Every structure is written in structure tokens, then in C-alpha cells.
Amino acid sequence: MYADSQNDITRLVVRCAQLLLAYGAESDLVEEISQRLGKALGIASIELSISSNSLVLTSLVHGRCITTTRRIRAHGINMMVICEIQRICILAEKRIYGANEVRRRLAHIKPKSYPAIALIPMIGLSCASFCHLFDGDLLACIITFFASAIGMMVRLFLASRHFNLLVNFSLTAFVISSVAQVGYIWPITETPQAAMAASVLMLIPGFPMINAISDMVKGHMNVGISRWGHATLLTLASVIGITIAMQLGGIF
């Protein structure tokens with residue numbers, strides 16, 4: 001393999017690893033996909049060092065090493081991107097894709113998300129379902145639906161304006177809790193506490209917490225602790241918003 005080819009393939013592999021980390025893949029999966037893709041494209045060995053906001057990748061061919069570093073900028077969780085990169089890796093392993101096809105496919109990867117008109121009512125319905133599981137009555141479920149749907153609208157609006165994620169979670173929790181207090185202000189439901197509890201479940205950072213635990217269990221301690229810290233900060237921001245809303249509403 002020529003040096004130029006090794007350079008090109010190294011850039012392709014590190015780009016895949018960068019996208020996987022940016023869109024929420026666990027560290028073990030990033031290492032596995034990077035090594036498999038590198039070997040499928042002719043690299044003898046791929047070694048990665050992953051930290052909380054960067055990665056270092058080294059490729060080895062015939063005793064010649066190339067090392068490159070990339071910064072990781074989180075773009076939010078998007079499993080479509082992760083699955084697409086896994087498909088590219090499988091096609092490269094089957095010799096259907098070469099380096100040029102992989103490069104072309106990577107260039108066309110664009111994260112897709114559900115439209116707000118579908119996402120908002122589904123979030124409201126899911127939180128209302130949790131309220132029902134918490135033994136909330138019909139009116140409590142209706143309150144939960146509207147509170148969480150309005151909260152999701154606020155969250156999407158703040159995200160579109162590129163607000164800090166902690167500010168986003170705190171303001172969203174404040175709005176949701178303020179709307180959910182209707183059951184306390186007017187005695188229209190016998191289970192207002194169920195509405196208060198269920199409406200903010202959309203703010204639980206479950207995926208980052210699962211990834212954090214998975215990384216720590218599999219030996220990626222620094223990345224796992226970083227992700228756990230980030231999830232904890234998001235939870236704390238939500239608690240601050242909920243507490244302020246409850247204080248202003250006089251529930252305490």
C-alpha cells in the first residue's frame with residue numbers, strides 16, 4: 001500500500017470514528033467499527049485512544065505508522081447516523097465498497113430527525129401513558145399530555161436557537177412544571193402529583209446514562225465518567241427548573 005493510500009484510508013476511518021462519537025455511540029462500538037473498517041480497506045492495524053472531547057487514531061501498514069487527532073463536537077444522539085456507518089463497514093468487509101465508495105457514502109450522510117408535528121404529540125402521548133401507569137386519572141393524563149407537549153415545543157425552539165443544553169433543560173423543566181401545576185391550582189383532578197411526576201420524564205437523559213455505564217463497565221473509564229457527569233448536569237438543570245416552578249406556584 002502506498003503512503004498516499006494509507007493517508008486517505010486513515011482519514012476515512014477517523015472520520016467514521018468522529019461521526020460515531022459525535023452522534024452518541026458507545027466507545028467500544030467506535031473502536032470495533034474503526035478497526036473493522038480499517039482492515040477491510042487494507043490497513044494492518046488500527047489503534048484508538050478516546051477521550052471526552054477528542055480521539056487519537058494510529059494506522060499501521062508494513063511498519064509505517066500514521067497518527068491523526070480529531071476533536072469531537074457533540075451533535076446530539078442520532079441512531080440513523082450510527083446505523084448508516086455500520087452498514088458502510090459491513091459493505092466494505094464484503095468487498096462491495098472500496099475506499100472511494102466509502103468516501104462518497106460518508107459525504108452524503110446527513111442526520112435525519114422526526115418532524116416536530118409528529119414528535120410533539122408523540123412525546124405528549126408517551127408522558128400521558130406514564131401518568132396512567134402512575135394511577136393518574138383521565139384529567140391528570142390530559143394535563144400531562146399538554147404540559148409535556150408544550151415543554152417539547154419549548155425544547156425544540158431553544159435547540160433551534162442554539163441555546164446551551166443546560167439552559168434548554170432548565171427552562172423546559174420550568175415550563176412543564178408550571179403547566180402541570182394546573183391540577184394543584186384548580187381541583188380538577190384527584191391525582192395532580194401523577195401529572196407533575198410524569199410530565200417531566202421526557203427530560204431524563206437515559207441514553208447518555210446507559211452509554212456512561214456501558215463505557216465504564218467495558219474499561220473506557222474516562223469517557224464513561226465524562227458522559228456520566230454530563231448526564232448528571234442535565235438532571236441537575238432539570239431539577240433547578242422544576243424547583244423554581246414549584247416555589248413560584250406555592251406547591252412547597
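**Reading the sheet, the cores and the helices**

Modeller: Strands β2 and β3 form a hairpin with two residues between them, and H62 in this turn has a positive phi of about 50 degrees. Helices (H or I, at least four residues) and strands (E, at least two) are DSSP runs, numbered from the N terminus. The model is predicted, so local features need pLDDT of at least 70 and side-chain atom pairs count only at pLDDT 80 or more, while totals for chains, interfaces and linings use all residues. Residues are numbered from 1 along each chain as its sequence is written, and side-chain values use heavy atoms, with hydrogens and water left out.

Colleague: In what order do the three strands form the open sheet?

Modeller: Strands of a sheet pair through backbone hydrogen bonds, either parallel or antiparallel. Two strands count as paired if DSSP finds at least two bridges between them. Here the order is β1-β2-β3, with antiparallel pairing. Because β1 and β3 (64–71) stand at the edges with a single partner strand each, one side of each has no neighbour in the sheet. From one strand to the next, the twist averages 15 degrees.

Colleague: How many bridges join β1 to β2, and how many join β2 to β3?

Modeller: Six bridges join β1 to β2, and eight join β2 to β3. A hairpin through three residues links β1 to β2, and I50 stands opposite L55 in β2. On the other side of the pairing, S54 stands opposite R71 in β3, while the bridge partner of V61 is R64.

Colleague: Which residues have the most contacts inside the largest nonpolar core?

Modeller: A nonpolar core is a set of buried Ala, Val, Leu, Ile, Met, Phe, Trp, Tyr and Cys residues joined through side-chain atoms within 4.5 Å. The largest one has 36 residues, and V30, I85 and L106 have the most contacts inside it. Among the elements that each supply at least two of its residues are α1 (3–22), α3 (79–93) and β2 (54–61). The largest share, ten residues, comes from α1. A second, separate core of 18 residues includes I120, A149, F169 and L203.

Colleague: With which residues is I85 in contact, leaving aside its neighbours within four places in sequence?

Modeller: Contact means heavy atoms within 4.5 Å. On that basis, I85 touches C16, L19, L20, I33, L106 and I109.

Colleague: Which residues in α5 meet which residues in α9?

Modeller: C127, F130 and C131 in α5 meet A194, A195, A198 and S199 in α9.

Technical notes. Buried < 20%, exposed > 50% of the residue type's maximum accessible area, 1.4 Å probe, protein only. Axes fitted to C-alpha atoms, helices over the stretch in contact; angles between N-to-C directions.
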